[in-house]
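Welcome! Please take a moment to look over the sequence and the model before reading on. The report below walks through some of its parts.

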Amino acid sequence: MFKSDTFKGKVAMVTGGRSGIGFQIAKDFLLLGAKVIICSRKEDKLKIAAEELAAYGELSYQACDIRKTEDIQSLVSMIKEKYDRLDILVNNAGGQFPALAEYISDKGWNAVISNNLNGTFSMIREMANAFFIPQKQGVIVNITAEVYRGFPGMAHTGAARAGVENLTKTLAQEWSDFNIRINCVSPGIIESSGLDQYPQQIQDMFEEAEKAIPLKRFGKVEDVSNAVTFLASPMAEYITGISLFVDGAQHLGFDKMGLANVLKSFM
Ligand SMILES: CCC/C=C/C(=O)SCCNC(=O)CCNC(=O)[C@H](O)C(C)(C)COP(=O)([O-])OP(=O)([O-])OC[C@H]1O[C@@H](n2cnc3c(N)ncnc32)[C@H](O)[C@@H]1OP(=O)([O-])[O-]
Ligand SMILES: NC(=O)C1=CN([C@@H]2O[C@H](COP(=O)(O)OP(=O)(O)OC[C@H]3O[C@@H](n4cnc5c(N)ncnc54)[C@H](OP(=O)(O)O)[C@@H]3O)[C@@H](O)[C@H]2O)C=CC1
């Protein structure tokens, strides 16, 4: 649906590109002409994904924990040496564990804040200082999560993702002089490798949860990637500082009283 040369000549970095949503984004960028770099913590799994993605275009990879500034700086050096520029950064790496707030320890809280908020900020700052600010050009897309009405069962990630959304609004203004656009994509529940890590009791409720979503289905990794592709492309050149929900209208809430459904049965 996008022109095959949409990202011709562009260099794009996708964090967490070894699996799920990030893998699909990396694949679509390659198919649209970009040179793509992926990173994640687990080098063995990263290598396997990189070999698969190399079938679609020019792909590089390097292990990097986004919570470690020295890892990010080493990634910057690799990108400088190999491409001497970066056009697009997609902050997709992240995640959390389900837990009621009263049971989240300091260590657990810090792990999730550090993974989703601090890691995303460090990546943005390092890539902006090394590439986007001197180039006076860059596009950033942050994958967050649909946390519009809070995130009961995952308070830590709700707080971290809201932080990324607010950071995005700030940087859209601070860095407009550098011609840097920055936006978020906020997925609802997406059928991806990420869901496999949830305990069986939570997976068992997915069928009911799916019915409650206004569009009556979970998202696909392609749904998220399409939104990222749009925001990263010149078609979105007047869009910055927003969060785009890819959630089947989940953030608007469910038909709690079932009123509309009752009406539909006789009107
Ligand atoms: C509904 C769908 C919507 C969203 C879907 C998605 O996002 S899909 C995408 C999903 N994909 C992902 O989420 C993938 C990425 N996620 C991750 O790598 C981890 O979830 C992480 C963010 C905690 C980082 O981990 P890390 O390597 O920094 O840390 P660590 O492992 O060493 O743990 C540090 C501390 O955190 C605590 N704690 C951790 N786990 C649990 C738990 N299950 N239970 C309770 N607590 C837990 C514990 O305190 C632990 O310390 P301890 O007690 O062991 O000394
Ligand atoms: N699937 C869903 O329903 C939803 C997903 N999201 C978010 O979308 C993003 C992608 O999720 P999804 O593809 O489903 O899940 P995955 O678990 O498959 O993807 C997470 C990716 O992030 C990488 N990663 C995690 N922590 C770090 C880190 N500290 N440094 C570098 N890489 C890291 C992982 O690789 P490695 O383990 O090798 O580090 C993995 O490739 C995540 O941020 C997730 O929270 C948001 C809402 C809903």
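Which residue in strand 3 is the bridge partner of Cys-39? It is Gln-62. Please keep in mind as you read that this model is predicted.

## Strand 2 and its partners

Strand 2 covers residues 35–40, and it has a strand paired with it on each of two counts: strand 1 (residues 11–15) and strand 3 (residues 59–63). With strand 1, the pairing is parallel and runs over five bridges. Here Val-11 stands opposite Lys-35 of strand 2. To get from strand 1 to strand 2, the chain passes through helix 1 (residues 20–31), and this β-α-β crossover is right-handed.

Strand 2 and strand 3 also pair in the parallel sense, over five bridges.

## Covered on both faces

Side chains in a regular strand alternate between the two faces of the sheet. In strand 2, Lys-35, Ile-37 and Cys-39 lie on one side, while Val-36, Ile-38 and Ser-40 lie on the other, and all of them are buried. Because six of its six residues are buried, strand 2 is largely enclosed by the rest of the structure.

Setting aside neighbours within four places in sequence, Val-36 is in contact with Ala-12, Val-14, Ala-26, Phe-29, Leu-30, Gly-57 and Leu-59.

## The nonpolar core

Val-36 turns up again in the largest nonpolar core, which has 61 residues. Together with Ala-12, Met-13, Ile-38 and Val-90, Val-36 touches the most other members of this core. Helix 4 (residues 106–135) supplies the largest share of the core, eight residues.

## Around the two ligands

Next, have a look at the ligands. Ligand 2 has 30 residues around it, and those that come nearest are Gly-16, Gly-20, Arg-41, Gly-94 and Gly-194. Helix 1 and helix 4 are the elements that give two or more residues to this shell, and helix 1 gives the most, with three. Sorted by class, the shell around ligand 2 holds ten nonpolar, 14 polar and six charged residues.

Ligand 1 is surrounded by 15 residues, the closest being Gly-95, Phe-97, Gly-108, Ala-111 and Gly-194. Its shell divides into seven nonpolar residues, seven polar and one charged. Gly-194 is named among the nearest residues for ligand 2 and among the closest for ligand 1.

Conventions. Residues numbered from 1 in each chain as written. Chains lettered and ligands numbered in written order. Predicted model: local features only at pLDDT ≥ 70, side-chain atom pairs only at ≥ 80, totals over all residues. Core = buried A, V, L, I, M, F, W, Y, C linked by C-beta atoms within 7 Å. Buried ≥ 20, exposed ≤ 12 C-beta atoms within 10 Å, placed from the backbone. Helix = DSSP H or I, 4+ residues; strand = E, 2+ residues; numbered from the N terminus. Contact = placed C-beta atoms within 7 Å. Pairing = 2+ DSSP bridges. Right-handed = clockwise from strand over helix to strand, strands pointing away. Near = placed C-beta within 6 Å. Nonpolar A, V, L, I, M, F, W, Y, C, P; charged D, E, K, R; others polar.
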